[in-house]
Amino acid sequence: MADTFTPEISDRICKHMNEDHADAVLLYAKAYGKVTEAEAAQILKVDSEGMELSVNAGDQDSTIRIAFDHVLQDSEDAHQTMIAMVKTARTQMA
C-alpha cells in the first residue's frame, strides 16, 4: 500500500476534483447519487470506501454518499477508480 487515506490526501483529491473536474463531480452526483436534477456538486471527503458530495439541485442542497465498488488501496487506486467511474457514468447518462 503506497499510502492511506489521511485527511490531507482526501483534501488533495477533493481540491483537485472540485477545481479541475467539476463536470465529473456533477456527473458522479447524477449517475451514482441518482440526483439527476443536480446543477452543481462538490466532493467534500474521500475515503477508502466512498466519497461524500454536497449537491445543489435548484433550491435543494443535500449531502450524499457514493460508495466505491471496492475498498481502495491508496490514492493511485482512487485516481484510477474515479476515472473509470466517469467513463461509466458518461455512457450511462448518454
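Predicted model: local features only at pLDDT ≥ 70, side-chain atom pairs only at ≥ 80, totals over all residues.

Q: What volume does the largest pocket have?
A: Its volume is about 280 Å³.

Q: And how many residues line the largest pocket?
A: There are 15 of them, and the ones nearest the centre are His-16, Met-17, His-21, His-79 and Ile-83. Helix H1 (7–20), helix H2 (22–31) and helix H3 (75–93) are the elements that each give two or more residues to that lining.

Q: Which element gives the largest share of the lining?
A: That's H3, with seven residues.

Q: What classes of residue are in the lining?
A: You get seven nonpolar, four polar and four charged residues.

Q: OK, new topic. At what angle do H1 and H2 pack?
A: About 100°, and their axes are 5 Å apart. Angles of 65 to 115 degrees count as roughly perpendicular, so H1 and H2 are roughly perpendicular to each other.

Q: Which residues make the contact?
A: From H1 it's Met-17, Asn-18 and Asp-20, and from H2 it's Ala-22, Ala-24, Val-25 and Tyr-28. By class, that contact has five nonpolar residues, one polar and one charged.

Q: How many residues of H2 are buried?
A: Seven of its ten, so H2 is mostly covered. The buried ones are Ala-24, Val-25, Leu-26, Leu-27, Tyr-28, Ala-29 and Ala-31.

Q: What covers the buried residues of H2?
A: The cover includes H1 and H3, along with strand S1 (40–47), strand S2 (50–57) and strand S3 (60–67).

Definitions and conventions. Residues numbered from 1 in each chain as written. Heavy atoms only, no water. 1 Å grid on protein atoms, 1.4 Å probe; cavity = no way out; pocket = protein on both sides within 12 Å on 5 of 7 lines; lining within 4 Å. Points joined across faces, edges and corners; volume = space filled by probe spheres on them. Helix = DSSP H or I, 4+ residues; strand = E, 2+ residues; numbered from the N terminus. Nonpolar A, V, L, I, M, F, W, Y, C, P; charged D, E, K, R; others polar. Axes fitted to C-alpha atoms, helices over the stretch in contact; angles between N-to-C directions. Parallel < 35°, antiparallel > 145°, perpendicular 65-115°, else oblique. Contact = heavy atoms within 4.5 Å. Buried < 20%, exposed > 50% of the residue type's maximum accessible area, 1.4 Å probe, protein only.
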